[in-house]
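This report looks at side-chain packing and at two residues in their surroundings. Please view the sequence and the structure together before reading on.

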Amino acid sequence: MALIDVKVPQLSESVAEATLLQWKKQPGEAVAIDEILIEIETDKVVLEVPAPAAGVLSAHVVAGGGTVTSDQVIATIDTEAKAGAAAPAAAAPAAPAAAPAAASADKSGVAMPAAAKIMADNGLAAGSVAGTGKDGRVTKGDVLGALANPPAAVAAPVAAPVPAAVAKPLPAVAAPVPVNLGDRPEQRVPMSRLRARVAERLIQSQSTNAILTTFNEVNMGPLMEMRKKFQEKFEKTHGVKLGFMSFFVKAAVHALKQFPVLNASVDGNDIVYHGYFDIGIAVGSPRGLVVPIIRNADQMSFADIEKKIAEFGQKAKDGKLSMEELSGGTFSISNGGTFGSMLSTPIINPPQSAILGVHATKERPVVENGQIVIRPINYLAMSYDHRIIDGREAVLGLVAMKDALEDPARLLFDL
């Protein structure tokens with residue numbers, strides 16, 4: 001027997017521990033080298049743990065839902081065993097004719113990757129959802145169906161006690177607890193690590209920053225005309241669509257250069273002025289809000305920014321963002337307009353000192369030269385830390401963004 005340890009990947013310095021999600025392989029099953037065995041959720045990202053060698057998974061050292069740290073051993077692989085050899089032995093060897101059925105039974109209740117992720121997000125324990133897939137595997141549809149039709153009640157919650165010899169510690173991610181209230185049901189679901197971390201940071205931001213928000217409106221007509229004129233050629237040349245976010249990023253950098261304090265941060269009693277422009281883009285993901293960073297945005301073209309935003313969006317959807325991509329940042333942009341928001345007051349992403357909120361563009365009546373006309377208007381909101389940013393810099397900074405967006409040629413010539 002040659003055993004190889006499966007270990008937790010090295011976590012970043014800011015991440016003390018993580019949570020195992022559902023195992024994709026059970027003891028006794030064959031694994032190929034680099035095959036994903038399990039996903040680990042931190043308060044920032046979800047990491048995949050591949051098999052370090054081919055063989056048979058001999059044991060789970062830590063069960064799904066357990067809390068782990070960097071380099072901790074979570075499983076072992078026997079590189080010399082054959083599939084099924086490491087499975088717990090029965091009282092008597094099974095007959096050869098029953099082998100196929102046993103192999104099929106081993107897979108009963110095993111969740112497919114998409115199903116496992118949804119179960120973990122909603123705190124569903126392994127084995128709590130019946131599988132209808134091949135060999136009894138749990139599919140995405142099975143999980144969604146279970147969530148849509150939760151049990152009306154939990155029978156006998158204080159049934160017979162578990163013998164001490166087989167008692168196990170509670171996993172870090174508990175199962176949802178349905179409450180029977182007749183026609184007014186409730187369900188208690190624990191927060192994921194990412195959701196808990198987002199909540200912690202937002203409370204930290206509001207309790208440590210002197211947050212104030214300034215607003216302005218932007219006539220998006222000139223920008224929309226420019227985008228319409230060049231969109232087709234832009235996509236053919238660069239292989240990516242020309243969106244509005246690249247203009248907002250460029251306009252933000254344009255303003256940050258004029259008012260560097262908007263790009264600064266507080267460190268104790270010091271103000272740190274950053275000589276670079278790392279712009280965070282708030283992105284909604286199945287696991288919650290994440291803010292990947294576009295680094296050195298001032299040195300990037302419109303095409304580079306659009307490609308990076310598209311890349312971040314796909315990675316957020318797939319849960320593939322790395323810790324490096326989520327770390328740092330000197331200024332952030334949140335686009336609530338994607339979901340139809342008309343106006344909001346965004347919360348600063350610490351240790352940054354300002355954030356721009358972008359909203360839905362709608363046709364509105366405005367006054368121009370004494371006449372009421374209809375224009376596509378977007379309301380911008382910039383929240384800032386009043387400890388280091390005065391109203392003058394905040395208001396003028398947002399006006400600089402407004403002017404750049406209403407005359408987008410300025411962004412092309414850096415005017």
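With which side chain does the side chain of threonine 76 make a polar contact?

## Basis of the model

The model is predicted, so local features need pLDDT of at least 70 and side-chain atom pairs count only at pLDDT 80 or more, while totals for chains, interfaces and linings use all residues. Residues are numbered from 1 along each chain as its sequence is written, and side-chain values use heavy atoms, with hydrogens and water left out.

## Threonine 76

The partner is serine 58, whose side chain lies 2.5 Å from that of threonine 76; a polar contact is a pair of N or O atoms within 3.5 Å, and within protein one must be able to donate a hydrogen and the other to accept it, residues adjacent in sequence counting only if both atoms are side-chain atoms. Threonine 76 belongs to strand β8 (residues 73-78), strands being DSSP runs of E with at least two residues and helices runs of H or I with at least four, numbered from the N terminus.

Threonine 76 has a relative accessible area of 13% and is therefore buried (under 20%, with exposed over 50% and partly exposed in between, for a 1.4 Å probe and protein chains only).

## Methionine 401

Methionine 401, in helix α9 (residues 391-406), is likewise buried, at 1% relative accessibility. Beyond residues up to four places away in sequence, methionine 401 touches Ala251, Ala252, Ala255, Phe331, Leu356 and Met382, where contact means heavy atoms within 4.5 Å. Methionine 401 and valine 253 are 148 residues apart in sequence, yet their C-alpha atoms are 8.6 Å apart in space.
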